[in-house]
Amino acid sequence: ASVAMAALKALSSAGALSAEVLARALAHADPEVVKQALALGADREVAVDAAGALLSHARWDVRVEAARVLSVSGGPAARPLLEAAAAKEADPLAREVLVAALSALSAR
């Protein structure tokens, strides 16, 4: 995971992070890699598309990062995804972030 994260950071810094590499990182088995891919690709369509599905990830911190991506770069289709995720979120902190992301999306 640390090698994948370093590679993502280096490719992003060099402006060479392709959609294909980003998509592979978003599907990585290690949640830390997934979170970094979401953060680095927040303005990319592949990350925004993946963020919707990642709202149901097993890890709360991945769900939170996915919500942040959608709050910044998501379109109108992200609203029902965030609403549904917030409604079923069991973790209070994650729910708070999901609700804030929904508010931020609505304010744009």
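Author: A helix here is a DSSP run of H or I at least four residues long, and helices are numbered from the N terminus. V72 has its place in one of them, helix α5. The model is predicted.

Reader: Why does V72 count as exposed?

Author: Exposed requires a relative accessible area over 50%. V72 has 56% relative accessibility, so V72 counts as exposed.

Reader: What makes A58 count as exposed?

Author: The cut-off is again over 50%. The relative accessibility of A58 is 75%, and therefore A58 counts as exposed. A58 belongs to the loop between α4 and α5. Its C-alpha atom is separated by 20 Å from that of V46, 12 residues apart along the chain.

Reader: How do you know whether E65 is buried or exposed?

Author: Buried means under 20% relative accessible area. E65 has 16%, so E65 is buried. E65 is a residue of helix α5. Leaving out residues up to four places away in sequence, E65 touches K35, L38 and A39.

Reader: What makes α3 roughly parallel to α5?

Author: The axes of helix α3 (residues 31-40) and helix α5 (residues 60-73) cross at roughly 10° and come within 9 Å. Angles under 35 degrees count as roughly parallel, and therefore α3 is roughly parallel to α5. On the α3 side the contact is made by P31, E32, V34, K35, L38 and A39, and on the α5 side by D61, V62, E65, A66 and V69. By class, this contact of α3 with α5 has seven nonpolar and four charged residues, and no polar ones.

Reader: Why are α4 and α5 called oblique to each other?

Author: The axes of helix α4 (residues 45-54) and α5 cross at roughly 135° and come within 8 Å. Roughly perpendicular covers 65 to 115 degrees, roughly antiparallel begins over 145, and what is left over, apart from angles under 35, is oblique. The two helices are therefore oblique to each other. The crossing in which α4 passes α5 is left-handed. A47, V48, A51, G52 and L54 of α4 make the contact with V62, R63, A66, V69, L70 and S73 of α5. The residues of the contact of α4 with α5 divide into eight nonpolar, two polar and one charged.

Reader: How do you know which side of α2 the buried residues are on?

Author: In helix α2 (residues 19-26) the buried residues are L22, A25 and L26. They cover an arc of only 100° around the axis, so they are on the same side of α2. E20 and R24, on the other side of α2, are exposed. The cover over the buried residues of α2 includes α1 (2-13), α3 and α4.

Reader: What makes the buried residues of α6 line one face of the helix?

Author: A78, L82, A85 and A86 are buried in helix α6 (residues 78-88). Down the axis of α6, the buried residues fall within an arc of 100°, and therefore they line one face of the helix. The face turned away from this buried side carries the exposed residues A87 and K88.

Reader: What covers the buried residues of α6?

Author: The cover includes α5 and α7 (92-107).

Technical notes
Residues numbered from 1 in each chain as written. Predicted model: local features only at pLDDT ≥ 70, side-chain atom pairs only at ≥ 80, totals over all residues. Heavy atoms only, no water. Axes fitted to C-alpha atoms, helices over the stretch in contact; angles between N-to-C directions. Contact = heavy atoms within 4.5 Å. Nonpolar A, V, L, I, M, F, W, Y, C, P; charged D, E, K, R; others polar. Left-handed = near helix turned anticlockwise from the far one by under 90°. Buried < 20%, exposed > 50% of the residue type's maximum accessible area, 1.4 Å probe, protein only. Arc of directions from axis to C-beta.
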